Amino acid sequence: MDALRSIFRAAWSSAERLEDKTVIITGANTGIGKETAIDLAKRGAKVIMACRDMERGEAAVKEVTEISGSENVVCMKLDLADTKSIREFAEAINKGEPKLNILINNAGVMVCPYGKTTDGFEMQIGVNHFGHFLLTHLLIDLIKRSAPARIITVSSMAHSWGSINLEDINSEKGYDKKAAYSQSKLANVLFTRTLAKKLEGTGVTTYSLHPGVVQTDLWRHLSGPQQFAMKIVSPFTKNSSQGAQTSIYCAVEPSLVKESGGYYSDCAPANCSAAGKDDVLAQKLWDLSCQLLSVTWE
């Protein structure tokens with residue numbers, strides 16, 4: 001239904017300009033991250049592409065520069081599976097950038113085999129949630145000084161099938177790759193919700209979103225039959241450019257300036273799951289995240 005509805009709805013577009021704005025996009029060397037970078041660079045923003053693989057990152061910068069016509073695009077090293085790398089990246093940004101108007105927490109890993117980050121987190125919750133939680137924490141003062149500013153976190157409709165296992169957040173007692181992915185995407189929705197409350201009155205607003213079922217590199221861990229199933233529904237899935245539209249919408253749409261903490265799909269407000277609106281769960285996840293990352297974030 002989601003796909004059919006979006007076919008009949010007029011596509012969102014905006015001529016909004018972003019001169020004098022600085023944007024960071026994580027995982028920007030491929031898929032919807034790269035498409036988001038192209039669009040925001042075309043609008044005149046300085047775009048910092050935060051990438052784990054610098055070789056692929058530099059190739060993506062070249063592509064984004066060529067397509068957008070903007071020279072104001074750079075790539076910086078960021079491995080969200082390593083808190084040391086996150087801290088080094090944030091330190092470089094805080095020292096080198098006078099402002100940060102838009103942070104797009106876009107990078108993600110999806111239904112991968114069981115693995116751990118450098119710090120011992122299960123890979124999906126580690127990269128998709130903990131990595132972005134720490135990154136946002138370390139950049140929040142700069143973002144506040146740059147207000148009005150926006151923090152966008154790419155979630156997924158998969159959050160609807162997820163639950164947060166506070167007793168075993170790292171799936172050490174048993175690992176189901178789909179459940180771990182859904183948990184990490186629900187964590188994105190809950191993080192956005194709590195962050196909005198903590199930022200009330202600062203001029204910094206937060207958004208989480210479902211990009212649409214997008215044909216991207218994230219599919220690489222799907223099994224043969226799963227990949228076949230995705231090909232069957234592919235007329236209803238989006239290419240990366242279409243998949244990026246809701247990220248771009250949350251980043252630039254002027255009418256969202258007073259909205260914060262919500263969930264979006266197809267360039268419009270959308271319903272998240274009941275668990276995604278659970279403020280008690282959201283606060284418990286926030287406290288656990290602070291504890292496991294050894295940070296204080298009131």
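**Burial, salt bridges and strand pairing**

Author: Both Arg-43 and Asp-39 are buried, a term that here means under 20% relative accessible area, whereas exposed means over 50% and partly exposed lies in between (1.4 Å probe, protein chains only). The model is a predicted one, in which local features need pLDDT of at least 70 and side-chain atom pairs count only at pLDDT 80 or more, while totals for chains, interfaces and linings use all residues. Residues are numbered from 1 along each chain as its sequence is written, and side-chain values use heavy atoms, with hydrogens and water left out.

Reader: How far apart are N and O in the salt bridge where the side chains of Arg-43 and Asp-39 meet?

Author: A salt bridge is counted when a side-chain nitrogen of Lys or Arg lies within 4 Å of a carboxyl oxygen of Asp or Glu. For the buried residues Arg-43 and Asp-39, the N to O distance is 2.5 Å.

Reader: What share of the 298 residues of the chain count as buried?

Author: The secondary structure of the chain comes to 10 helices and eight strands, where helices (H or I, at least four residues) and strands (E, at least two) are DSSP runs numbered from the N terminus. The accessible surface, from the Shrake-Rupley method with a 1.4 Å probe and, for residues, with only the protein chains shown as cover, comes to about 13,300 Å², 52% of it belonging to carbon and sulfur atoms. Of the 298 residues, the share that counts as buried is 56%.

Reader: Is Ala-45 buried or exposed, and at what relative accessibility?

Author: Ala-45 sits in the loop between α2 (31-42) and β2 (46-51). Not counting residues up to four places away in sequence, Ala-45 touches Leu-18, Lys-21, Val-23, Leu-40, Ser-70 and Asn-72, a contact being heavy atoms within 4.5 Å. Ala-45 counts as buried because its relative accessibility is 0%.

Reader: Which strand holds Thr-22?

Author: Thr-22 is buried, with a relative accessible area of 5%. Leaving aside neighbours within four places in sequence, the contacts of Thr-22 include Lys-46, Ile-48, Glu-97 and Ile-102. The strand that holds Thr-22, with residues 22-26, is β1.

Reader: Why are Lys-95 and Glu-91 separated by about one helical turn, and in which helix do they lie?

Author: The side chains of Lys-95 and Glu-91 meet in a salt bridge of 3.0 Å, N to O. Lys-95 counts as exposed at 68% relative accessibility, whereas Glu-91, at 44%, counts as partly exposed. The separation is about one helical turn because the two residues are four residues apart in residues 83-96, which form helix α4.

Reader: Over how many bridges do strand β6 and β7 pair, and in what sense?

Author: Two strands are said to pair if DSSP finds at least two bridges between them. Tyr-207, for one, has Gly-262 in β7 as its bridge partner. Strand β6 (residues 204-210) and β7 pair in the parallel sense, and the number of bridges is four.

Reader: Which residue in the turn of the hairpin of β7 and β8 has a positive phi?

Author: Strands β7 and β8 run antiparallel and are joined by two bridges, and Tyr-264 has Pro-269 in β8 as its bridge partner. The loop between β7 (262-265) and β8 (268-269) holds Asp-266, which counts as buried at 12% relative accessibility. With two residues between the strands of the hairpin, the one in the turn with a positive phi of about 50° is Asp-266.
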